Amino acid sequence: MPTEILMPALSPTMEEGTLAKWLKKEGDTVSSGDIIAEIETDKATMEFEAVDEGTLGRILVEEGTEGVKVNTPIAVLLEEGESADDIGKEEAQPSGGSEAKTEVKESDKTDKAPPADAPVAASPAAAAPKPPRTPDWPEGTEVKSTTVREALRDAMAEEMRGDEGVFVMGEEVAEYQGAYKITQGLLDEFGAKRVIDTPITEHGFAGIGVGAAFGGLKPIVEFMTFNFAMQAMDQIINSAAKTLYMSGGQMGCPIVFRGPNGAAARVAAQHSQDYAAWYMQVPGLKVAMPYTAADAKGLLKSAIRDPNPVIFLENEILYGRSFDVPVMDDFTIPFGKARIAREGTDVTIVSFGIGMSYALQAAETLAEDGIDAEVIDLRTLRPMDTDAIIESVKKTNRCVTVEEGWPQGSVGDYITGVLMREAFDWLDAPVISLTGKDVPMPYAANLEKLALVTADEVVEAVRKVTYR
Amino acid sequence: MATRKAAAKPNVSADELKTYYREMLLIRRFEEKAGQLYGMGLIGGFCHLYIGQEAVVVGLEAAADEGDKRVTSYRDHGHMLACGMDPKGVMAELTGREGGYSKGKGGSMHMFSREKHFYGGHGIVAAQVPIGAGLAFADKYLGNDRVTFTYFGDGAANQGQVYETYNMAELWDLPVVFVIENNQYAMGTSTKRSTKSPSYWERGAAYGIEGEEVDGMDVLAVKAAGEKAVAHCRAGKGPYILEVKTYRYRGHSMSDPAKYRTREEVQKMRDERDPIESVRQLLLTGNHASEEDLKAIDKEIKDVINEAAEFSKESPEPGLDELWTDIYAKDIPQGEAVEA
Ligand SMILES: Cc1ncc(C[n+]2csc(CCOP(=O)(O)OP(=O)(O)O)c2C)c(N)n1
Ligand SMILES: [Mg+2]
């Protein structure tokens, strides 16, 4: 029976990809291990190897097709003695090819629709002509749809152009173009002196970064993921964060430690941890955790200029998402200024980083039921714009916080404490701090889903605090 | 200090040779199937295949005795199969199912078996190195003559904790064999781009640890070197380092575009140095096995792998209450005041 070759999943987060190139044509013999096609994911172009042997009977998805969903049949392999005429006999499906193509078009369309959680058009309420609290860029500025990945790269490139002392260091940042392609193109533009591949030695190169900062440079240290920064924890806390204080103000440490933080997809306990609450605890550090591409860009530029050590927590799942970024020569976002992502009157939902997707999604659902949520994106956790939260709670009298990290000692618990002390008289319900579950991240798909915080849980928590 | 290259080839029986062939082939076919299941979305996250490196674990397991321990990185499927863990349980862990070695909670990178003395499956590069020395510490403390095989990569070999461990292992004469699986790349970084020291095993000299380089594409050479290392440890002479030169055919993980080396480089290794093919040739040219015999082995392995794949698809997802189990060990004896 002819075997269908299916579009493979080539990364933990891949759902669809581009069939960039066929390296075999119809009629070619294929043996296992042969590279038959090149497939582009959002991160990279990958070679696709044959597993079975046979003859390539028919190509179902032409090269150049974008948005091919994982597991879509892309070709048919014939075993010895079979001919192309056998294709489709058993499935009684005259034109598998054209069907595959229609499917692709569909997914193309959905791809271009704005994401459900696009912050600007979040709801009719947000569209109402209320003056924004503090606009991040002047009205009328041209904006460009940009991925978080590109925004981060642009921020680094712009700062490197402006300041010779800025350099990037980390594992696979140069020749490989970044394990998650955040430093793509930087080696070409700035050369090996300023874009530096390190051996796998986090504790060592974090410390070298700290020393270089003491010595007058402005390092950007990339951790392939923040899980590996635990190897470097001593240098980050004991050396970077505390030296200014210990030296009586003489010796600052202008360094940025950045990389993806939190759960990706199915990478299990040692690779799926949100460190927001950990770093937020440390005096001497600043901590940013952006959600949108504009914030990623504006905050990273501020972080690089900051004379203090900054922990910059990104998220692998957000890297590929697009948001509007203003087209400006020098666009920055200050630390310590929250963003009102959606205005509302019934409840305040506070989040940051990927938690914002759940918060905004929940706000949509709640709006359908007539519950009008205000959603605050903290953007930076240290300094934290607690004024924005208090101001909002004085209006809504209720608050739910959303984060991916663990419950005990969470960011939400800190906010709850602040509200207890400073807005007690305005609260009409106990604050609910929603977090990931109190367990190491499991690998199994069903358990991982349970371990993460969800939009449904946000909806449920809001119903609790609004008694509706 | 011994500075030998490949160890002299030991005499092995035709049966032993066939066993190594079978075990290496089992790993290769297992990994090919895992790659396929990953492509179908049945395996998620990171999945690091061992194809090309099979002779390393098969050779060293041939030098191990019952009760010896092993610990390694996330590239662990081969180690588990070689120490006798069930392909069904390994594959079902890859698909995140109840029948997996960690009930689906660990995945590709994190599996363990007390029964087979396999201590994981570790995701943080080089974290397993001090752990391996710690296992050896426990054996020495308990007064048994077990040896621990501690596997790590060329990339891991640059981590600081490796050298902290070397120092203590030699200081305390711990029975640990440090196995550096030098497959020449750490993700996209070739060894030349991460160190200027000419060899990894020689770094042990700074701490007084003996070692040698081994041809990791030759299962018999690996076995001979392993026997020597194990004898050294069991004699109470402390740790030993084996730098095993090997090669991974596939990308670092499933999502590695592998642009840092040429297709020709990989193909040349496959064509000229393949560890399975060379044993196959040994068997055929020495008239130890016929084409038919080998076909029968191939068929047998294919069945084992298909059975494992079926099991890994049919085994149910873990029960939802498993989310909350295994966070703490139970049954802590308490003093009287607490119990009362
Ligand atoms: C401390 C730490 N840093 C980085 C990583 C990401 N990472 C995983 S594997 C790897 C390469 C390791 O190469 P090597 O030690 O040679 O082992 P191989 O993968 O070749 O078996 C890297 C950088 C990690 N898991 N842990
Ligand atoms: Mg390696």
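Predicted model: local features only at pLDDT ≥ 70, side-chain atom pairs only at ≥ 80, totals over all residues.
Residues are numbered from 1 along each chain as its sequence is written, chains are lettered from A and ligands numbered from 1 in the order in which they are written, and side-chain values use heavy atoms, with hydrogens and water left out.

**The metal site.** The protein donors are B:Asp154 (OD), B:Asn183 (OD1) and B:Tyr185 (O), at 2.1 to 2.2 Å from the magnesium ion (ligand 2). Donors here are N, O and S atoms within 2.8 Å of the metal (3.2 Å for Na, K and Ca); water is not among the atoms, so sites may look incomplete. B:Asn183 and B:Tyr185 are both buried (under 20% relative accessible area; exposed is over 50% and partly exposed in between, with a 1.4 Å probe and protein chains only).

**The sheet in chain B.** Six strands form an open sheet in the order β2-β1-β3-β4-β8-β7 (chain B), paired in parallel. Its edges are β2 (118-122) and β7 (210-215) of chain B, each pairing on one side only. From one strand to the next, the twist averages 15 degrees. Helix α5 (residues 128-142) of chain B packs on this sheet and touches β1, β2, β3 and β4 (176-182) of chain B, with its direction at about 175 degrees to that of β3(B). Contact means heavy atoms within 4.5 Å; axes are lines fitted to C-alpha atoms, for helices over the stretch in contact, and angles run from 0 to 180 degrees between N-to-C directions.

**Strand pairs.** Strands (E, at least two residues) and helices (H or I, at least four) are DSSP runs, numbered from the N terminus, and two strands pair if DSSP finds at least two bridges between them.

| Strand | Partner | Sense and bridges |
|---|---|---|
| β1 (residues 3-6) of chain A | β8(A) | antiparallel, four bridges |
| β6 (residues 54-59) of chain A | β8(A) | antiparallel, four bridges |
| β1 (residues 69-73) of chain B | β3 (residues 148-153) of chain B | parallel, three bridges |

In chain A, strand β8 (residues 73-78) is mostly covered, with five of its six residues buried. Within β8(A), A:Ala75 is the bridge partner of A:Ile5, and A:Val76 stands opposite A:Arg58. Over in chain B, B:Arg70 has B:Phe149 in β3(B) as its bridge partner.
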